[in-house]
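Morning, everyone. Let me put the model up, and then we'll walk through it.

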Amino acid sequence: MANHGVASFDYTNDVFLSFRRGVHRAFIDHLYKALDGIDIKTFKDDDKEESTTEEEETNPDLIEKIERSRISVVVLCKDFPFSTRCLDEVAKIMECYDNKTMQVVGLFYDGVIAADVRWQKEDRAYGKAITQHKERLGLGEESDKIKTWRSALSRVCDLIALNCDKKYETELISMIVKGVSARLPPLRLQIKDVVGLDSRFEEVKSHLDIGNNDAVQMLAICGPPGIGKTTFAAYIYNNIINHQYIAASFISNIRDKPKVEDLQSTLLSEMGEKRESKRGDTDGGGREIKRKLSVKKVLLVLDGVDKIEQLKSLAGGCDWFGPGSKIIITTRDATLLNRHRVKIKRYQMTELSDEDSRKLFCWYAFDGGEPAQNFANLVPQALSIAKGIPLALKKLGSRLKDRSLDEWEMELDRYNKVPEAFEFLLKSFGN
C-alpha cells in the first residue's frame, strides 16, 4: 500500500479543516473552538485569512498538514470551487482517503446541495468554476488536473456528508464534534506503573514489526495472574497509538464478559462502525467485523481472553483487519492460541528484576522514595515474599505503607510462615 510520505512519522493533527477564506469565517471559528474545546487537535489554515490570492499552488507545508491529519472536514460553500487552492486541498484529501490514512466528512454549506458538487453542471456554481479554471489555465477537459478536481469533488459526496442550514448551525456543530470524536482513536490509556516496561517494549518491537504497513501482526502476551499482562498491553498501546491507525480499541477484562455478541458490538462501535448483524448471531458478527475492518488499519487489544470462541469471534484471522493493523491479546492460557490456527507471535511475561522489584515496591510502600533506615533491612524480606510479581509488590507495599516497624515485622513474619495468607490477599486481583 502506498504511503505518500506518512509511514515514517505520526499524526500531528486530529482534524484538518478545508474551507474557502472569508465566506463563512464565523462558522469556521465556532467549529474550530468547539473541536479545540474537547481537546481535538485541529488545524485551521489562518494564512487563508491573510492571503490576497488563492490561485496559487498548495504549499508543501500545507500538504504535510493534510497528510498528518486523521480526519478532514471539507466545508463546501458556493465559492469553494473558485479557489484552485481549495480544489488542490480536496484532491489531496481524497488521495489520503484512498490510501486509508484519513477519514473525510463533507459539509454542504450556504445553499450548496450534493448534486451541484457531484455533477458540476455548467449552469451551477461548481460547473462554472471548473469552466473558468479551464479557460484561465488553458486546460482541456481531459487534463489530469481537471479530471482530478472533478473526481475529488464528486467522491466527497459519497462519503459522510451533512447539510448545513444556517438556522441550525449550533446543532450542526455539535453533531460534527460528536461524529469526529467518535471516529478518533481513543486517548492514551492512564497507566500508573511503568517500572520495567521500557526494556520489555524493546523486546516486543520486532514481534509487532511496527514500521510494516503491509502485514497484520498478532501478538499474545502470556503469563500467570498478577504478572502485569494488562499493564504491559496498555503500555504498548500508548506507545504505538499514533502510528497512523484509523481506529483503535482496548477491550479489557474479556473473561468477565460472557456474551461474545456484546463484545462484537463493542468492538465495532469503538472502531467507528455500527453493528448491522442480528444480536445472537456471532458468526454473522464475525463476518461483519471482517467486512468492515479489513479495509482499516486498526490497533486492537483483547485483554483477558480465556476462551477460544472469543478469539474466533473477535479476531478470526489476519485478513479480518487492514494492512498494518496490530492485534494484541493477553491471556493466562497460552494453549488456547494453538487451537486458533492463526499465526500469533508470543511474549511470555516474566518476573521483574531485583532492581525493578525494589523500585515498584518502594513506590507503593514509601510513595516512591527510599525507605527509612530502620525499614531498609526489611525490604529484602518483602521482595522475597512478592517474588518479582508486580501485583504482589503493589499490594504488599500498599498494605505496609504508613505502618510501624513492629507491624512490618509481624506482617512479613505471618506471610513467611503462612504463604497461603499472602496468596489469599492476591487471589481476587490481577489477570
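How far does helix H7 reach from its first C-alpha to its last? Helix H7, residues 144-156, has 13 residues and reaches 18 Å. That is close to the 18 Å expected at 1.5 Å a residue, where the expected span is 1.5 Å times one less than the number of residues.

Some ground rules. This is a predicted model: local features need pLDDT of at least 70, side-chain atom pairs count only at pLDDT 80 or more, and totals for chains, interfaces and linings use all residues. Residues are numbered from 1 along each chain as its sequence is written, and side-chain values use heavy atoms, with hydrogens and water left out. Helices (H or I, at least four residues) and strands (E, at least two) are DSSP runs, numbered from the N terminus.

The overall picture next. The protein chain holds 20 helices and 10 strands. Its C-alpha trace spans about 90 × 50 × 40 Å along the principal axes. Of its 431 residues, 51% count as buried. Buried means under 20% relative accessible area, exposed over 50%, partly exposed in between, with a 1.4 Å probe and protein chains only. Contact means heavy atoms within 4.5 Å. Among contacts with a separation of 6 or more, 77% come from residues 24 or more positions apart.

Back to H7. Its buried residues are Ile-146, Trp-149, Arg-150, Ala-152, Leu-153, Ser-154 and Val-156. They pack against E3, helix H4 (84-98), E4, helix H5 (114-119) and helix H6 (125-137).

Now the sheet. It is open, with 5 strands in the order E2-E1-E3-E4-E5 and parallel pairing. Strands E2 (42-44) and E5 (160-164) stand at the edges with a single partner strand each, so one side of each has no neighbour in the sheet. The twist averages 20 degrees from one strand to the next. Pairing needs at least two DSSP bridges between two strands. E1 (residues 13-18) and E3 (residues 69-76) pair in the parallel sense over 5 bridges. Leu-17 stands opposite Val-73 in E3.

Which helices lie across these strands? Helix H1, residues 25-37, lies across E1, E2, E3, E4 (103-109) and E5, at about 160 degrees to E2. Helix H8, residues 169-183, lies across E1, E3, E4 and E5, at about 165 degrees to E5. Axes are lines fitted to C-alpha atoms, for helices over the stretch in contact, and angles run from 0 to 180 degrees between N-to-C directions.

On to strand E7, residues 247-251. Here 5 of its 5 residues are buried. Ala-247, Ser-249 and Ile-251 point one way, and Ala-248 and Phe-250 the other way. In a regular strand the side chains alternate between the two faces of the sheet. E7 pairs in the parallel sense with E8 (residues 298-302) over 5 bridges. Ser-249 has Leu-300 as its bridge partner in E8.

Last stop, Glu-351. Glu-351 sits in the loop between strand E10 (345-348) and helix H15 (354-365). Not counting residues up to four places away in sequence, Glu-351 touches Arg-200, Ile-227, Lys-387, Gly-388 and Ile-389. The C-alpha atoms of Glu-351 and Ile-246 are separated by 35 Å, at 105 residues apart along the chain.
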